[in-house]
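This briefing is meant to be read beside the sequence and the model, and its points are grouped by topic.

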Amino acid sequence: MEINGSKAIGGALYISNCKFGNVLAFRDFIMKEFNNIPFEKKEIVSKIEEYIDTKSHIVGEIGQKDAKNLLIIEDLKNIKDTIISNPLEDPFKSIDKYVNKYCEKINKIGIELDDVKTFIVEKFPKPFENAGGTAINFDVADKRKYGIEEGIYFKEDRILPYSTQILASHEIIHRAASMKHPHLLARGIEDGICDYVGILYICREIIGSDACKNLVFHLRFRHHPGSDWNRYTTNLQQAAVLYINYGFESLIEIIKEGRILMEDVEKKLFLGKIDEIPIIKKGNWIEDITNFSYRILTYEKTLVVSPLALLIAKNINSGDNIKSFFRDNNIKEREGAKAIEELYETHFVLISDGEKITCDRSKLYLDAGVMRYFID
Ligand SMILES: [Zn+2]
(Lines give C-alpha, C1' and ligand atoms only; values in the text may rest on other atoms or scores of the structure.)
Protein backbone atom coordinates (compact mmCIF):
# COMPACT_ATOMS: atom_id res chain seq x y z
CA MET A 1 0.00 0.00 0.00
CA GLU A 2 1.10 3.50 -0.89
CA ILE A 3 2.47 5.57 1.99
CA ASN A 4 1.85 9.30 1.97
CA GLY A 5 2.33 12.42 4.08
CA SER A 6 -1.23 12.36 5.36
CA LYS A 7 -0.45 9.05 7.08
CA ALA A 8 2.61 10.59 8.72
CA ILE A 9 0.39 13.27 10.27
CA GLY A 10 -2.19 10.62 11.23
CA GLY A 11 0.49 8.62 13.03
CA ALA A 12 2.38 11.55 14.57
CA LEU A 13 -0.71 12.82 16.38
CA TYR A 14 -0.83 9.65 18.51
CA ILE A 15 2.55 10.44 20.04
CA SER A 16 2.01 14.19 20.40
CA ASN A 17 0.82 16.14 23.39
CA CYS A 18 -2.60 17.28 22.14
CA LYS A 19 -5.96 18.36 23.55
CA PHE A 20 -8.35 16.51 21.22
CA GLY A 21 -10.70 14.18 23.09
CA ASN A 22 -11.08 11.40 20.54
CA VAL A 23 -7.94 10.33 18.72
CA LEU A 24 -9.79 8.42 16.00
CA ALA A 25 -12.20 11.26 15.17
CA PHE A 26 -9.31 13.72 15.10
CA ARG A 27 -7.11 11.40 13.04
CA ASP A 28 -9.79 10.79 10.41
CA PHE A 29 -10.61 14.48 10.18
CA ILE A 30 -7.03 15.68 9.88
CA MET A 31 -5.95 12.99 7.41
CA LYS A 32 -8.69 14.14 5.04
CA GLU A 33 -7.51 17.73 5.39
CA PHE A 34 -4.03 16.67 4.27
CA ASN A 35 -4.94 14.24 1.57
CA ASN A 36 -2.38 13.36 -1.10
CA ILE A 37 0.74 15.03 0.19
CA PRO A 38 4.10 13.39 -0.46
CA PHE A 39 5.89 11.27 2.14
CA GLU A 40 8.69 13.72 2.68
CA LYS A 41 9.43 15.48 5.95
CA LYS A 42 10.04 18.97 4.55
CA GLU A 43 6.91 18.83 2.38
CA ILE A 44 4.74 17.64 5.27
CA VAL A 45 6.03 20.36 7.60
CA SER A 46 5.50 23.06 4.99
CA LYS A 47 1.94 21.82 4.26
CA ILE A 48 1.14 21.97 7.98
CA GLU A 49 2.55 25.50 8.19
CA GLU A 50 0.49 26.52 5.17
CA TYR A 51 -2.65 25.05 6.76
CA ILE A 52 -1.99 26.81 10.08
CA ASP A 53 -1.47 30.08 8.26
CA THR A 54 -4.68 29.81 6.23
CA LYS A 55 -6.89 28.71 9.12
CA SER A 56 -5.55 31.35 11.53
CA HIS A 57 -7.29 34.21 9.74
CA ILE A 58 -10.74 34.59 11.24
CA VAL A 59 -13.25 36.85 9.55
CA GLY A 60 -16.02 38.22 11.77
CA GLU A 61 -17.06 36.85 15.17
CA ILE A 62 -15.87 33.51 16.56
CA GLY A 63 -18.36 30.63 16.62
CA GLN A 64 -17.94 26.86 17.03
CA LYS A 65 -16.37 26.44 13.58
CA ASP A 66 -13.67 29.04 14.16
CA ALA A 67 -13.03 27.78 17.69
CA LYS A 68 -12.53 24.30 16.23
CA ASN A 69 -10.00 25.66 13.74
CA LEU A 70 -8.11 27.52 16.45
CA LEU A 71 -7.84 24.43 18.67
CA ILE A 72 -6.83 22.20 15.78
CA ILE A 73 -4.09 24.71 14.94
CA GLU A 74 -2.75 24.46 18.50
CA ASP A 75 -2.64 20.66 18.26
CA LEU A 76 -1.15 20.77 14.78
CA LYS A 77 1.77 22.85 16.07
CA ASN A 78 2.63 20.02 18.45
CA ILE A 79 2.18 17.42 15.71
CA LYS A 80 4.50 19.43 13.47
CA ASP A 81 7.15 19.46 16.23
CA THR A 82 6.78 15.68 16.56
CA ILE A 83 7.42 15.24 12.85
CA ILE A 84 10.42 17.60 12.94
CA SER A 85 12.04 15.89 15.91
CA ASN A 86 11.45 12.22 15.03
CA PRO A 87 12.79 10.19 12.12
CA LEU A 88 10.19 9.65 9.41
CA GLU A 89 10.21 5.96 8.49
CA ASP A 90 8.05 4.00 6.09
CA PRO A 91 6.19 1.72 8.52
CA PHE A 92 5.74 -1.01 5.91
CA LYS A 93 9.51 -1.31 5.74
CA SER A 94 10.37 -0.70 9.40
CA ILE A 95 7.86 -2.82 11.36
CA ASP A 96 10.08 -5.91 11.37
CA LYS A 97 13.08 -3.90 12.54
CA TYR A 98 11.12 -2.73 15.59
CA VAL A 99 9.63 -6.15 16.27
CA ASN A 100 13.16 -7.60 16.31
CA LYS A 101 14.33 -4.89 18.73
CA TYR A 102 11.41 -5.63 21.06
CA CYS A 103 12.16 -9.36 20.88
CA GLU A 104 15.76 -8.77 21.93
CA LYS A 105 14.66 -6.77 24.95
CA ILE A 106 12.02 -9.32 25.90
CA ASN A 107 14.58 -12.10 25.77
CA LYS A 108 16.79 -10.04 28.07
CA ILE A 109 14.07 -9.89 30.73
CA GLY A 110 13.91 -13.65 30.69
CA ILE A 111 10.98 -14.32 28.38
CA GLU A 112 11.93 -16.68 25.58
CA LEU A 113 10.41 -15.62 22.29
CA ASP A 114 11.26 -17.58 19.23
CA ASP A 115 11.00 -16.13 15.76
CA VAL A 116 8.04 -13.74 15.72
CA LYS A 117 6.45 -13.54 12.30
CA THR A 118 4.62 -10.46 11.07
CA PHE A 119 1.96 -10.28 8.36
CA ILE A 120 0.53 -7.27 6.61
CA VAL A 121 -2.98 -8.12 5.46
CA GLU A 122 -5.93 -6.46 3.79
CA LYS A 123 -8.33 -8.20 6.21
CA PHE A 124 -7.68 -10.18 9.39
CA PRO A 125 -8.03 -13.95 8.83
CA LYS A 126 -11.40 -15.61 9.36
CA PRO A 127 -13.27 -15.59 11.72
CA PHE A 128 -11.69 -12.29 12.82
CA GLU A 129 -12.20 -10.39 9.57
CA ASN A 130 -14.54 -7.89 11.24
CA ALA A 131 -12.35 -7.23 14.28
CA GLY A 132 -11.47 -3.58 14.87
CA GLY A 133 -8.02 -2.24 15.59
CA THR A 134 -4.73 -2.15 13.75
CA ALA A 135 -3.00 -5.36 14.85
CA ILE A 136 -3.79 -8.77 16.35
CA ASN A 137 -1.48 -11.47 17.62
CA PHE A 138 -2.61 -14.95 16.62
CA ASP A 139 -1.18 -17.74 18.76
CA VAL A 140 -0.93 -21.50 18.65
CA ALA A 141 -4.54 -21.89 19.81
CA ASP A 142 -5.73 -19.85 16.81
CA LYS A 143 -3.67 -22.12 14.60
CA ARG A 144 -5.30 -25.22 16.08
CA LYS A 145 -8.84 -23.86 16.02
CA TYR A 146 -8.92 -21.78 12.86
CA GLY A 147 -5.80 -22.76 10.93
CA ILE A 148 -4.32 -19.26 11.20
CA GLU A 149 -0.55 -19.12 10.91
CA GLU A 150 0.97 -17.82 14.17
CA GLY A 151 2.22 -14.25 14.22
CA ILE A 152 1.33 -10.58 14.50
CA TYR A 153 -1.06 -9.42 11.80
CA PHE A 154 -1.29 -5.77 10.80
CA LYS A 155 -4.18 -4.38 8.81
CA GLU A 156 -2.70 -2.73 5.75
CA ASP A 157 -4.94 0.33 5.62
CA ARG A 158 -4.46 1.06 9.33
CA ILE A 159 -0.68 1.08 9.32
CA LEU A 160 0.77 4.50 10.14
CA PRO A 161 4.26 5.87 10.75
CA TYR A 162 5.18 6.51 14.42
CA SER A 163 2.15 4.80 15.99
CA THR A 164 2.05 1.31 14.47
CA GLN A 165 5.62 0.53 15.47
CA ILE A 166 4.68 1.31 19.09
CA LEU A 167 1.49 -0.76 18.89
CA ALA A 168 3.60 -3.72 17.78
CA SER A 169 5.19 -3.74 21.24
CA HIS A 170 1.74 -4.27 22.81
CA GLU A 171 1.05 -7.20 20.46
CA ILE A 172 4.37 -8.83 21.14
CA ILE A 173 3.53 -9.10 24.83
CA HIS A 174 0.32 -10.94 23.87
CA ARG A 175 2.65 -13.32 22.09
CA ALA A 176 4.77 -13.74 25.22
CA ALA A 177 1.64 -14.24 27.35
CA SER A 178 0.34 -16.91 25.00
CA MET A 179 3.28 -19.24 25.64
CA LYS A 180 1.34 -20.83 28.51
CA HIS A 181 -2.40 -21.58 28.38
CA PRO A 182 -2.95 -20.18 24.84
CA HIS A 183 -6.45 -21.71 24.88
CA LEU A 184 -7.56 -18.96 27.27
CA LEU A 185 -8.82 -15.69 25.82
CA ALA A 186 -6.30 -12.86 25.42
CA ARG A 187 -8.26 -10.02 26.94
CA GLY A 188 -8.91 -8.18 30.18
CA ILE A 189 -5.93 -7.37 32.34
CA GLU A 190 -3.65 -8.92 29.71
CA ASP A 191 -4.30 -5.85 27.54
CA GLY A 192 -3.33 -3.56 30.42
CA ILE A 193 -0.17 -5.59 31.03
CA CYS A 194 0.66 -5.41 27.30
CA ASP A 195 0.40 -1.62 27.49
CA TYR A 196 2.64 -1.54 30.54
CA VAL A 197 5.33 -4.06 29.71
CA GLY A 198 5.15 -3.68 25.92
CA ILE A 199 4.73 0.04 25.43
CA LEU A 200 5.70 1.69 28.73
CA TYR A 201 8.65 -0.60 29.49
CA ILE A 202 10.13 -2.25 26.39
CA CYS A 203 9.17 0.28 23.73
CA ARG A 204 9.83 3.31 25.96
CA GLU A 205 13.53 2.38 26.03
CA ILE A 206 13.67 2.36 22.22
CA ILE A 207 11.27 5.11 21.15
CA GLY A 208 11.24 7.39 24.19
CA SER A 209 8.98 7.99 27.14
CA ASP A 210 6.84 10.92 25.98
CA ALA A 211 5.88 9.30 22.68
CA CYS A 212 4.86 6.07 24.43
CA LYS A 213 2.94 7.81 27.21
CA ASN A 214 1.10 10.04 24.72
CA LEU A 215 0.09 7.07 22.59
CA VAL A 216 -1.20 5.08 25.58
CA PHE A 217 -3.03 8.16 26.80
CA HIS A 218 -4.73 9.00 23.48
CA LEU A 219 -5.67 5.38 22.82
CA ARG A 220 -6.99 4.46 26.23
CA PHE A 221 -8.57 7.77 27.21
CA ARG A 222 -10.36 8.27 23.94
CA HIS A 223 -13.70 9.87 24.68
CA HIS A 224 -16.31 7.53 23.24
CA PRO A 225 -19.17 6.97 25.67
CA GLY A 226 -20.94 3.66 25.38
CA SER A 227 -18.19 1.94 23.42
CA ASP A 228 -16.91 -1.46 24.54
CA TRP A 229 -13.38 -0.16 23.83
CA ASN A 230 -13.71 1.55 27.22
CA ARG A 231 -12.69 -1.74 28.79
CA TYR A 232 -9.14 -1.03 27.63
CA THR A 233 -9.11 1.95 30.00
CA THR A 234 -10.16 -0.30 32.87
CA ASN A 235 -7.52 -2.88 31.91
CA LEU A 236 -4.83 -0.20 31.81
CA GLN A 237 -5.89 1.02 35.24
CA GLN A 238 -5.83 -2.54 36.61
CA ALA A 239 -2.26 -2.89 35.40
CA ALA A 240 -1.46 0.52 36.91
CA VAL A 241 -2.63 -0.69 40.32
CA LEU A 242 -0.42 -3.77 40.04
CA TYR A 243 2.54 -1.71 38.88
CA ILE A 244 2.20 0.86 41.69
CA ASN A 245 1.99 -1.88 44.32
CA TYR A 246 4.45 -4.41 42.93
CA GLY A 247 6.48 -2.80 40.10
CA PHE A 248 7.43 -4.04 36.63
CA GLU A 249 8.96 -7.21 38.17
CA SER A 250 5.51 -8.47 39.08
CA LEU A 251 4.02 -7.68 35.66
CA ILE A 252 6.85 -9.54 33.95
CA GLU A 253 6.38 -12.54 36.25
CA ILE A 254 2.65 -12.57 35.53
CA ILE A 255 3.38 -12.74 31.79
CA LYS A 256 5.76 -15.65 32.38
CA GLU A 257 3.16 -17.49 34.46
CA GLY A 258 0.51 -17.03 31.79
CA ARG A 259 -3.21 -16.58 31.48
CA ILE A 260 -4.47 -18.72 34.39
CA LEU A 261 -2.69 -16.41 36.81
CA MET A 262 -3.89 -13.35 34.87
CA GLU A 263 -7.51 -14.41 35.25
CA ASP A 264 -7.00 -14.96 38.97
CA VAL A 265 -5.32 -11.55 39.40
CA GLU A 266 -8.04 -9.76 37.47
CA LYS A 267 -10.79 -11.40 39.50
CA LYS A 268 -9.08 -10.46 42.77
CA LEU A 269 -8.76 -6.83 41.59
CA PHE A 270 -12.46 -6.73 40.69
CA LEU A 271 -13.31 -8.06 44.15
CA GLY A 272 -10.98 -5.60 45.87
CA LYS A 273 -8.86 -8.41 47.31
CA ILE A 274 -5.45 -7.02 46.42
CA ASP A 275 -3.85 -8.68 49.47
CA GLU A 276 -4.78 -12.09 48.08
CA ILE A 277 -3.00 -11.59 44.75
CA PRO A 278 -0.24 -14.21 44.52
CA ILE A 279 2.69 -12.00 43.55
CA ILE A 280 5.93 -13.89 43.15
CA LYS A 281 8.28 -10.98 42.56
CA LYS A 282 8.21 -7.33 43.46
CA GLY A 283 10.40 -4.41 42.32
CA ASN A 284 11.51 -2.17 39.45
CA TRP A 285 9.65 1.10 39.49
CA ILE A 286 10.51 3.94 37.12
CA GLU A 287 9.66 7.38 38.50
CA ASP A 288 8.34 8.73 35.23
CA ILE A 289 6.02 5.73 34.76
CA THR A 290 4.94 5.81 38.39
CA ASN A 291 3.85 9.44 37.95
CA PHE A 292 2.06 8.54 34.73
CA SER A 293 0.33 5.67 36.56
CA TYR A 294 -1.13 8.03 39.14
CA ARG A 295 -2.26 10.29 36.34
CA ILE A 296 -4.14 7.53 34.53
CA LEU A 297 -5.69 6.26 37.74
CA THR A 298 -7.12 9.66 38.63
CA TYR A 299 -7.82 11.04 35.15
CA GLU A 300 -11.23 12.60 34.43
CA LYS A 301 -12.17 11.04 31.11
CA THR A 302 -15.53 12.67 30.55
CA LEU A 303 -14.57 16.35 30.49
CA VAL A 304 -14.65 16.68 26.72
CA VAL A 305 -16.41 19.86 25.61
CA SER A 306 -17.24 21.68 22.39
CA PRO A 307 -14.41 23.77 20.90
CA LEU A 308 -16.08 27.10 21.72
CA ALA A 309 -16.75 25.97 25.30
CA LEU A 310 -13.04 25.17 25.69
CA LEU A 311 -12.00 28.50 24.23
CA ILE A 312 -14.41 30.38 26.51
CA ALA A 313 -13.30 28.41 29.57
CA LYS A 314 -9.72 29.44 28.82
CA ASN A 315 -10.51 33.14 28.81
CA ILE A 316 -13.52 33.82 31.03
CA ASN A 317 -13.26 34.53 34.75
CA SER A 318 -15.51 34.55 37.76
CA GLY A 319 -17.29 37.92 37.98
CA ASP A 320 -17.19 38.57 34.21
CA ASN A 321 -20.28 39.98 32.58
CA ILE A 322 -21.13 37.48 29.84
CA LYS A 323 -22.34 39.92 27.17
CA SER A 324 -19.32 42.19 27.63
CA PHE A 325 -17.03 39.14 27.54
CA PHE A 326 -18.49 38.07 24.18
CA ARG A 327 -18.13 41.61 22.82
CA ASP A 328 -14.55 42.06 24.09
CA ASN A 329 -13.48 38.63 22.83
CA ASN A 330 -15.29 38.80 19.49
CA ILE A 331 -17.51 35.77 20.20
CA LYS A 332 -20.88 35.06 18.55
CA GLU A 333 -23.46 35.72 21.24
CA ARG A 334 -25.90 32.89 20.65
CA GLU A 335 -23.27 30.17 20.18
CA GLY A 336 -21.31 31.56 23.10
CA ALA A 337 -24.36 31.46 25.38
CA LYS A 338 -24.95 27.81 24.44
CA ALA A 339 -21.31 26.98 25.18
CA ILE A 340 -21.57 28.58 28.63
CA GLU A 341 -24.73 26.55 29.24
CA GLU A 342 -22.73 23.45 28.30
CA LEU A 343 -19.96 24.32 30.77
CA TYR A 344 -22.55 24.95 33.49
CA GLU A 345 -25.30 22.41 32.96
CA THR A 346 -23.53 19.49 31.31
CA HIS A 347 -20.12 19.68 32.96
CA PHE A 348 -20.69 21.88 36.03
CA VAL A 349 -17.26 23.49 35.87
CA LEU A 350 -18.62 27.02 36.23
CA ILE A 351 -21.86 28.70 37.30
CA SER A 352 -23.66 31.48 35.48
CA ASP A 353 -26.72 33.44 36.66
CA GLY A 354 -27.50 34.30 33.05
CA GLU A 355 -25.71 37.65 33.22
CA LYS A 356 -22.48 36.98 35.03
CA ILE A 357 -20.12 34.13 35.80
CA THR A 358 -20.61 33.63 39.52
CA CYS A 359 -18.18 30.76 40.06
CA ASP A 360 -15.42 29.20 37.90
CA ARG A 361 -13.48 25.98 38.43
CA SER A 362 -12.62 25.39 34.78
CA LYS A 363 -9.02 26.65 35.07
CA LEU A 364 -8.15 23.72 37.34
CA TYR A 365 -9.26 21.26 34.65
CA LEU A 366 -7.52 23.22 31.90
CA ASP A 367 -4.25 23.48 33.82
CA ALA A 368 -4.35 19.76 34.64
CA GLY A 369 -4.95 18.88 30.97
CA VAL A 370 -8.20 17.04 31.63
CA MET A 371 -10.45 19.42 29.74
CA ARG A 372 -10.36 18.43 26.10
CA TYR A 373 -12.47 19.18 23.02
CA PHE A 374 -14.48 17.15 20.55
CA ILE A 375 -14.58 17.86 16.86
CA ASP A 376 -17.55 15.79 15.76
ZN1 LIG B 1 -4.31 -6.26 23.08
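In this predicted model, three strands make up an open sheet whose order is β1-β3-β2 and whose pairing is mixed. The edge strands, each of which pairs on one side only, are β1 (118-121) and β2 (135-138), and from one strand to the next the twist averages 25 degrees.

**The sheet and its helices**

- Helix α7 (residues 163-177) lies across β2 and β3 and runs at about 25 degrees to β2.
- Strand β2 is covered on both of its faces, with A135 and N137 buried on one side and I136 and F138 buried on the other, a pattern that can be read against the general rule that side chains in a regular strand alternate between the two faces of the sheet.

**T164 in helix α7**

- Residue T164, which lies in helix α7, counts as buried because 22 other C-beta atoms lie within 10 Å, where the cut-off for a buried residue is 20 or more.

**The nonpolar core**

- The largest nonpolar core holds 100 residues, among which I193, V197 and L251 touch the most other members.
- Helix α10 (residues 231-257) supplies the largest share of this core, namely 12 residues.
- Apart from its neighbours within four places in sequence, L251 is in contact with I193, Y196, V197, A239, L242 and Y243, and this list includes I193 and V197, which are named with L251 as touching the most other core members.

**Domains and their contact**

- The chain is divided into domain 1 (5-85), domain 2 (91-298) and domain 3 (304-373).
- The C-alpha centres of domain 1 and domain 2 are 29 Å apart, and 13 residues of domain 1 are in contact with 13 residues of domain 2.
- On the side of domain 1 that touches domain 2, the elements giving two or more residues are α1 (5-12) and α2 (23-33), and the most comes from α1, with five residues.

**The chain as a whole**

- The secondary structure of the chain comprises 16 helices and seven strands, and buried residues account for 40% of its 376 residues.
- For a chain of 376 residues, a compact globule would have a radius of gyration near 21 Å, and the 23 Å computed for this chain therefore agrees with that expectation.
- Taken along the principal axes, the C-alpha atoms fill a box of roughly 65 × 50 × 35 Å.
- Of the contacts between residues at least 6 apart in sequence, 76% join residues that are at least 24 apart.

How values were computed
Residues are numbered from 1 along each chain as its sequence is written. This is a predicted model: local features need pLDDT of at least 70, side-chain atom pairs count only at pLDDT 80 or more; totals for chains, interfaces and linings use all residues. A nonpolar core is a set of buried Ala, Val, Leu, Ile, Met, Phe, Trp, Tyr and Cys residues joined through C-beta atoms within 7 Å. A residue is buried if 20 or more other C-beta atoms lie within 10 Å of its own, exposed if 12 or fewer, and partly exposed in between; C-beta atoms are placed from the backbone. Helices (H or I, at least four residues) and strands (E, at least two) are DSSP runs, numbered from the N terminus. Two residues are in contact if their C-beta atoms, placed from the backbone, lie within 7 Å. The radius of gyration is taken over C-alpha atoms; the globule rule is 2.2 Å times the number of residues to the power 0.38. Two strands pair if DSSP finds at least two bridges between them. Axes are lines fitted to C-alpha atoms, for helices over the stretch in contact, and angles run from 0 to 180 degrees between N-to-C directions. Domain bounds come from an automatic or database domain assignment.
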